[in-house]
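Subject: Structure handover

Hi there,

Here is the structure I promised to pass on, with notes on what turned up in it. Have a look at it first, and then read on.

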Amino acid sequence: MAQKARSAHCLVFPYPLQGHINPMHQFSKTLVSKGIRVTLVTTKFMFNSFQQLSGSMPVETISDGYDVGGKASAESIEVYLARFKQVGSESLKQLIEKLNTTGFPVDCIVYDSLMSWVLDVAKCSGLVGALFLTQSCAVDNIYYHVKQGLLKLPVVENRVSVPGLPVLEPLDMPSFVHNPGSYPATLNLVVNQFLDIDKVDWVLCNTFYKLEEEVIEWMSKHLRLRAIGPTIPRKYLNNQKTVEDDTDNGLQMFKVDIDSCMNWLNERQDHSVIYVSFGSMAQLDAAQMQELAYGIKQSGKHFLWVVRASEEGKLPKGFVEETSTKGLVVHWCSQMEVLAHKALGCFVTHCGWNSTLEALCLGVPMVAVPIWTDQRTNAKFVADVWRMGVKVDIDENGVFKGEMVQHCIREVMDGEKGKEVKTTSKRWMEMAREAVKEGGSSDMSINEFVASLTQRPKS
């Protein structure tokens with residue numbers, strides 16, 4: 001008798017950090033909307049850390065060897081990564097074996113590029129291996145060139161040429177490349193994203209074609225790369241018909257008080273508020289937090305500032321009280337809801353890739369204050385290539401001045417430059433929405449990936 005047809009089943013496995021979980025979770029929702037069965041995979045520690053776990057998508061856990069304390073309990077990042085690979089590989093194999101007995105055997109693993117060892121597990125299990133790049137194609141291309149030995153470190157040239165990219169200065173490069181001795185273990189981690197890249201079945205990148213056309217064209221000649229982004233909740237992409245639960249990032253490590261932020265914004269005039277957030281990981285020292293606070297206060301604008309509880313002690317003494325008539329400081333918020341609010345005028349951001357894409361999709365101009373990792377490269381593109389914001393001057397040591405923050409905020413909110421970036425931001429917003437609508441470039445790439453799974457012989 002003919003075997004009854006079943007949906008292809010994908011495991012989607014993000015690296016256990018909030019900024020990596022969000023885009024891969026959103027991509028999972030898109031796969032589900034196209035008929036793919038998806039099981040999200042995370043570590044036991046991360047699962048137990050979630051403050052919010054919404055949605056009907058099944059979530060399974062594996063061990064990284066640190067089920068109680070997570071990465072923070074390891075003696076070093078090197079030790080953590082080695083144990084994660086050792087314990088995680090075996091734990092993931094056991095999960096696949098368990099799922100294969102449930103009537104929904106696994107066909108594919110979509111895995112975060114920071115965990116290159118997952119490909120070995122996929123191939124040993126006879127599965128399709130799809131690598132998911134959570135950063136920009138430009139940044140990934142730089143790391144690819146380092147891995148292939150085409151870009152030598154340390155970078156000594158004053159101007160750096162990488163195929164598919166504009167000429168960059170050393171300070172425009174990712175921090176791990178510009179200063180390879182700063183975080184050697186993390187440099188190895190990001191460069192090894194392209195380990196055994198010739199064995200990967202698919203390379204999926206959280207970007208869209210029009211945004212990074214030249215670099216996507218170049219990388220597509222060397223890898224089976226497809227741009228499938230931006231991966232943000234479909235609710236915010238031109239009010240498209242949403243799939244179930246596709247209104248926010250439903251797996252959150254931080255407790256969100258949506259009502260207080262929304263009620264405060266509702267009382268502000270249109271385009272009058274600056275939103276300040278540096279994401280879930282970026283840290284400023286106390287002196288730089290003082291400079292940022294000075295710039296925000298002296299701008300004279302209403303502001304909503306996300307300061308994580310772990311960073312709150314770095315605020316200037318009395319700042320919250322002194323600025324209470326102008327600002328609201330919170331530990332966390334629903335960033336998409338804030339960026340979509342009519343009161344928003346600009347986004348003071350560290351230029352993490354998720355934040356950059358979210359602002360772009362909602363047409364919000366940016367003031368870029370990059371701190372580390374890929375953020376300086378993203379800031380370069382925001383200000384000088386895509387022209388949807390301005391960049392605060394930051395010196396060789398990563399130091400910026402409050403006066404510059406104030407100047408950039410006023411330039412975007414009130415100046416002639418602001419008029420230009422507002423127009424450009426709206427244009428990029430339209431192109432982002434065009435990419436993900438039915439028949440758009442990203443939608444076609446996702447359909448191609450889905451078709452390859454649905455047409456694959458089922459075991």
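One definition to start with: a crossing of two helices is called left-handed if the near helix is turned anticlockwise from the far one by less than a right angle, and right-handed if clockwise. Helices (H or I, at least four residues) and strands (E, at least two) are DSSP runs, numbered from the N terminus.

Two notes on provenance. This is a predicted model, in which local features need pLDDT of at least 70 and side-chain atom pairs count only at pLDDT 80 or more, while totals for chains, interfaces and linings use all residues. Residues are numbered from 1 along each chain as its sequence is written, and side-chain values use heavy atoms, with hydrogens and water left out.

**Helix pairs**

By that definition, H5 passes H8 in a left-handed crossing. The axes of helix H5 (residues 137-147) and helix H8 (residues 213-220) come within 9 Å and cross at roughly 40°; axes here are lines fitted to C-alpha atoms, for helices over the stretch in contact, and angles run from 0 to 180 degrees between N-to-C directions. H5 and H8 are therefore oblique to each other, given that angles under 35 degrees count as roughly parallel, over 145 as roughly antiparallel, 65 to 115 as roughly perpendicular and the rest as oblique. On the H5 side, Cys 137, Ala 138, Asp 140, Asn 141, Tyr 144 and His 145 meet Val 215, Ile 216, Trp 218 and Met 219 of H8, where contact means heavy atoms within 4.5 Å. Seven of these contact residues are nonpolar, two polar and one charged. For these classes, Ala, Val, Leu, Ile, Met, Phe, Trp, Tyr, Cys and Pro count as nonpolar, Asp, Glu, Lys and Arg as charged, and the others, Gly among them, as polar.

H1 packs against helix H17 (residues 441-454) at an angle of about 65°, with the axes 11 Å apart. H1 and H17 are therefore roughly perpendicular to each other, and their crossing is right-handed. Phe 27, Thr 30 and Leu 31 of H1 make the contact with Ile 446, Phe 449 and Val 450 of H17. That contact has five nonpolar residues, one polar and no charged ones.

For helix H15 (residues 402-414) and helix H16 (residues 416-436), the axes come within 5 Å and cross at roughly 65°. This crossing is right-handed. Glu 411, Val 412, Met 413 and Asp 414 of H15 touch Glu 416, Lys 417, Gly 418, Val 421 and Lys 422 of H16, which makes three nonpolar, one polar and five charged residues in the contact.

**Pockets and cavities**

On a 1 Å grid over the protein atoms alone, a cavity is a set of points where a 1.4 Å probe fits but cannot get out, and a pocket is an open set with protein on both sides within 12 Å along at least five of seven lines; lining residues have an atom within 4 Å of a point. Grid points are joined across faces, edges and corners, and a volume is the space filled by probe spheres set on the points.

The largest pocket has a volume of about 1000 Å³. Its lining holds 48 residues, with Leu 17, Gly 19, His 20, Ser 280 and Met 281 nearest the centre. Among the elements that give two or more residues to this lining are helix H1 (18-33), helix H3 (77-99) and strand E10 (273-277). By class, the lining has 22 nonpolar, 22 polar and four charged residues.

The second largest pocket comes to about 860 Å³. It is lined by 37 residues, and Ser 280, Met 281, Ala 282, Gln 283 and Trp 372 are the closest to its centre. Its lining divides into 18 nonpolar, 13 polar and six charged residues.

Of the 13 residues lining the largest cavity, Phe 278, Met 289, Trp 305, Val 306 and Glu 311 lie nearest its centre.

**Backbone points**

The peptide bond from Leu 153 to Pro 154 is cis, with omega near 0°, and Pro 154 sits in the loop between H5 and H6. The bond from Gly 229 to Pro 230 is also cis, with omega near 0°.

All the best
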